[in-house]
Amino acid sequence: MEATGVGLRRALVLAFCVAGIWSAYIYQGVLQETLSTKRFGPDGERFEHLAFLNLAQNVVCLVWSYIMIKLWSSGSSGGAPWWTYWSAGITNTIGPAMGIEALKYISYPAQACARTIVESKFLLVLAKSSKMIPVMLMGTLVYGIRYSFPEYICTFLVAGGVSMFALIKTSKKTISKLAHPNAPLGYGLCFLNLAFDGFTNATQDSINTRYPKTSAWDIMLGMNLWGTIYNMIYMFGWPEASGFKAVQFCKQHPEAAQDILFYCLCGAVGQNFIFLTISRFGSLANTTITTTRKFVSIVVSSLLSGNPLSSKQWSCVLMVFAGLSYQIFLKWKKLQKKRRA
């Protein structure tokens, strides 16, 4: 009876994490699209320094996590030291930057219409939908983590469902863009982005194993501390760096600064749930949730734009949620075995 209650509480925590990650990052995606497409001021200027969003989010999340630790954590928690996150901080900084850069090479020019912007996101999700696979490969190759055969089935269900959906959704016109001379570079950057993401998640799992008392806020503080250091060097390391131009743009257009603030707050809330998921359930569960969140974003976008899903696309929806549900069942079953032992 007690084990059932513990399992139910863990299931509720996992559902809470799913809801938090989805809501925070879906809205953050809306804000990012607004910042990348909206024209500011009488001259209709665009905010072209999207890499600045990573630095701003790092700073806000760093302050947020520090406040949470001071308010809620005990003085000697036994968590991982801040310096243990230096390598994951590097890959976590370079990975998203490569993802943003890759989107330039696998999408149409910046002057293209809004429909093409949406389709370019489908292509990026297609390239990144198998993120869970490099997480598992990196975990096995770098840290010797062993996954069960059912976990591989779950991973391929989710990654395969998202990939099939993106492939069905993307128009022939957009697929033909892959023949562009820059497409190999764009997908090469996507591959590196996946590899860095896999290393980041595997390293976080290793840190949690070595320091089991590490809290979600400890992880958030360590990752964003190193992310802030690296991004500060990149954005302000030389006189002509893009960070200065981004700050000047925000001074000229306060409404852009407001959107960036809301973007960062969404990231801070989302990171709380992400690192809570990692500390309680591991990086594979977190990757499953975040990958599915991208998938849900596409579904919501399709519905809001008036493009109903076909029967094949609904099959992909069921495939993804079957994989996610199966993973939750596996974790619950594993918990029951531990309790009986």
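This is a short walk through one protein chain, from its overall make-up to a few single residues.

Before anything else, remember that we are looking at a predicted model.

Start with the whole chain. It has 341 residues, and 47% of them are buried. The chain holds 13 helices and two strands. Its accessible surface is about 17200 Å². Carbon and sulfur atoms account for 67% of that surface.

The UniProt entry is unreviewed, and under "transmembrane region" it lists residues 12–30, 122–143, 149–168, 260–278 and 312–330. Let me take two of those spans. Residues 12–30 are 100% helix in this model, with 27 Å between the end C-alpha atoms. Residues 260–278 are also 100% helix, and here the end C-alpha atoms are 26 Å apart. Strand is 0% in residues 12–30, and 0% in residues 260–278.

On to charge. Which two side chains meet in a salt bridge? They belong to D259 and K38, at 4.0 Å from N to O. The pair connects distant parts of the chain, 221 residues apart. D259 sits in helix α11, residues 254–281. K38 sits in the loop between α1 and β1. Are the two partners buried or exposed? D259 counts as buried, because its relative accessibility is 13% and the cut-off for buried is under 20%. K38 is at 33%, so it counts as partly exposed. And the structure holds one salt bridge, so that is the count.

Now the cysteines. A disulfide is a covalent bond between the sulfur atoms of two cysteines. How many does the model have? The count is zero. The cut-off is 2.5 Å. C264 itself is buried, at 2% relative accessible area. C17 is buried too, at 0%.

Last stop, the surface. There is a nonpolar patch of about 630 Å². Its members are V59, V63, Y66, I67, L71 and W72. Look at Y66 in particular. Y66 lies in helix α2, which covers residues 51–72. Is Y66 buried, exposed or in between? It is partly exposed, with a relative accessible area of 48%.

That is the tour. Questions are welcome.

Notes. Residues are numbered from 1 along each chain as its sequence is written. This is a predicted model: local features need pLDDT of at least 70, side-chain atom pairs count only at pLDDT 80 or more; totals for chains, interfaces and linings use all residues. Side-chain values use heavy atoms; hydrogens and water are left out. UniProt positions are given in the numbering used here, feature names are shortened, and annotations may be inferred rather than shown by experiment. Helices (H or I, at least four residues) and strands (E, at least two) are DSSP runs, numbered from the N terminus. Patches are made of residues with over 30% relative accessible area and no salt bridge: like charges are joined within 9 Å, nonpolar side chains (Val, Leu, Ile, Met, Phe, Trp, Tyr) within 5 Å. Accessible areas come from the Shrake-Rupley method with a 1.4 Å probe; for residues, only the protein chains shown count as cover. Buried means under 20% relative accessible area, exposed over 50%, partly exposed in between (1.4 Å probe, protein chains only).
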